[in-house]
Amino acid sequence: MVSRTTDDYETLARMGCVAMSEPAFWAGFDRGTVDGFRDYFRQLTEVEPARAAQFGIRHFTWLCINAKEAENVELSREVMAMIPEFLDCDNVLGIGEIGLNKNTPNEATVFQEHLELAVKFDQQILIHTPHLEDKYQGTRMILDMLGDHSGIDPGRVLVDHVEEHTVKEVIDRGYWAGMTLYPVTKCTPARAADIIETIGAERLCVNSAGDWGPSKPTAVPDLIMEMRKRGHAETLIRKVVFDNPREFFSQSKHFDLQEPSTRNA
Ligand SMILES: [Zn+2]
């Protein structure tokens with residue numbers, strides 16, 4: 001949301017959005033200093049929650065240095081050392097989205113050090129998997145690094161941007177999986193509906209890409225429409241867009257969200 005307009009919050013509120021989770025990510029350019037990240041984390045923990053609250057939306061966030069900037073190991077270590085300053089902020093759910101971009105050794109080093117940070121501070125983990133030709137290999141590398149770490153509870157890890165060829169292994173190994181919807185490229189609402197029909201909805205969530213590039217924050221309502229069009233039950237639709245994310249996020253002590261229907265009761 002740091003790269004979206006206030007109009008997007010208003011539109012999402014009108015479409016029934018009651019809460020959102022914003023990962024720390026690449027903001028369209030490489031930041032040069034640890035203070036640049038400190039300001040970014042203030043934006044995620046102070047500015048965006050206040051902007052969202054104007055429209056009745058709860059804003060939650062995750063902290064890390066993303067894989068695209070993790071090629072700079074020295075800067076990454078300075079950022080990781082600074083993250084604990086923000087972990088007690090009341091909208092922080094954990095460490096993320098960490099992961100791989102081009103599957104390089106430096107990215108892997110920074111990923112593993114983030115895992116250490118999460119375990120040390122008892123944090124949930126949100127993971128970015130690479131796109132396109134790097135996805136299958138990168139997802140395998142990530143799952144292997146997670147599996148090698150004895151301190152990690154798979155039930156507190158969500159692996160995002162899964163697609164047809166990666167979703168099953170993520171779910172089978174006990175992790176949560178997220179499908180990120182894009183308007184045209186990558187996972188579309190129709191492909192996400194196909195995946196739900198194929199593997200079911202256990203530990204499966206959907207989210208919308210909403211960043212500085214071509215993306216669409218309202219893609220989750222698009223999936224809801226797609227599933228209704230196919231005749232799916234409202235309970236199944238609700239499971240992937242509300243119940244599952246809430247169950248996963250609720251493992252963080254900072255997450256509390258009442259039923260939308262009882263909010264004003
Ligand atoms: Zn991502």
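This is a predicted model: local features need pLDDT of at least 70, side-chain atom pairs count only at pLDDT 80 or more; totals for chains, interfaces and linings use all residues.
**Entry 1**

I began with the strand order, and found an open sheet of seven strands that runs S1-S2-S3-S4-S5-S6-S7 with parallel pairing. The edges are formed by strand S1 (19–22) and strand S7 (204–208), each of which pairs on one side only. On average, and with direction ignored, neighbouring strands of this sheet are turned by 30° against each other.

At the S1 end I looked up the pairing of S1 with S2, which is parallel and extends over four bridges; here Ala 19 stands opposite Arg 58 in S2. I then asked how many residues of S2 are buried. The count is five of the six, so S2 is largely enclosed by the rest of the structure.

At the S7 end, strand S6 (residues 176–181) pairs with S7 in the parallel sense over five bridges, and I noted that Thr 180 has Asn 207 in S7 as its bridge partner.

**Entry 2: helices on the sheet**

Next I followed the helices that lie on these strands. Helix H8 (residues 219–229) lies across S6 and S7, and runs at about 125° to S7. Helix H9 (residues 234–249) also packs on the sheet, where it touches S1, strand S2 (58–63), strand S3 (92–99), strand S5 (157–160), S6 and S7, while its direction makes about 105° with that of S7.

**Entry 3: Ile 237**

Not counting residues up to four places away in sequence, Ile 237 touches Ile 224, Met 227, Arg 228 and His 232. I also checked Ile 237 against Asp 256, which is 19 residues apart from it along the chain, and found their C-alpha atoms separated by 21 Å.

**Entry 4: the core and Ala 192**

I turned to the largest nonpolar core, which has 67 residues, and in which Val 159, Ala 192, Val 206 and Leu 223 have the most contacts inside it. As background, nonpolar side chains tend to be buried together in soluble globular proteins. Of these residues I followed Ala 192, which, leaving aside its neighbours within four places in sequence, is in contact with Met 179, Leu 181, Cys 187, Val 206 and Leu 223.

**Entry 5: two helix pairs**

For the helix pairs I recorded angle and distance, since two packed helices are described by the angle between their axes and the distance between the axes.

The axes of helix H7 (residues 189–199) and H8 come within 9 Å and cross at roughly 55°, which makes H7 oblique to H8. Their crossing is right-handed. From H7 the residues that meet H8 are Pro 189, Ala 190, Ala 192 and Ala 193, and their counterparts in H8 are Ala 219, Asp 222, Leu 223, Glu 226 and Met 227.

I then looked up helix H3 (residues 73–82) and helix H4 (residues 105–120), which pack at an angle of about 10° with their axes 10 Å apart. H3 and H4 are therefore roughly parallel to each other, as angles under 35 degrees count as such. The crossing of H3 and H4 is right-handed, and the contact is made by Val 73, Ser 76 and Met 80 of H3 with Asn 106, Thr 109, Val 110, Glu 113, His 114 and Leu 117 of H4.

Notes: Residues are numbered from 1 along each chain as its sequence is written. Two strands pair if DSSP finds at least two bridges between them. Helices (H or I, at least four residues) and strands (E, at least two) are DSSP runs, numbered from the N terminus. Axes are lines fitted to C-alpha atoms, for helices over the stretch in contact, and angles run from 0 to 180 degrees between N-to-C directions. Two residues are in contact if their C-beta atoms, placed from the backbone, lie within 7 Å. A nonpolar core is a set of buried Ala, Val, Leu, Ile, Met, Phe, Trp, Tyr and Cys residues joined through C-beta atoms within 7 Å. A residue is buried if 20 or more other C-beta atoms lie within 10 Å of its own, exposed if 12 or fewer, and partly exposed in between; C-beta atoms are placed from the backbone. Angles under 35 degrees count as roughly parallel, over 145 as roughly antiparallel, 65 to 115 as roughly perpendicular and the rest as oblique. A crossing is left-handed if the near helix is turned anticlockwise from the far one by less than a right angle, and right-handed if clockwise.
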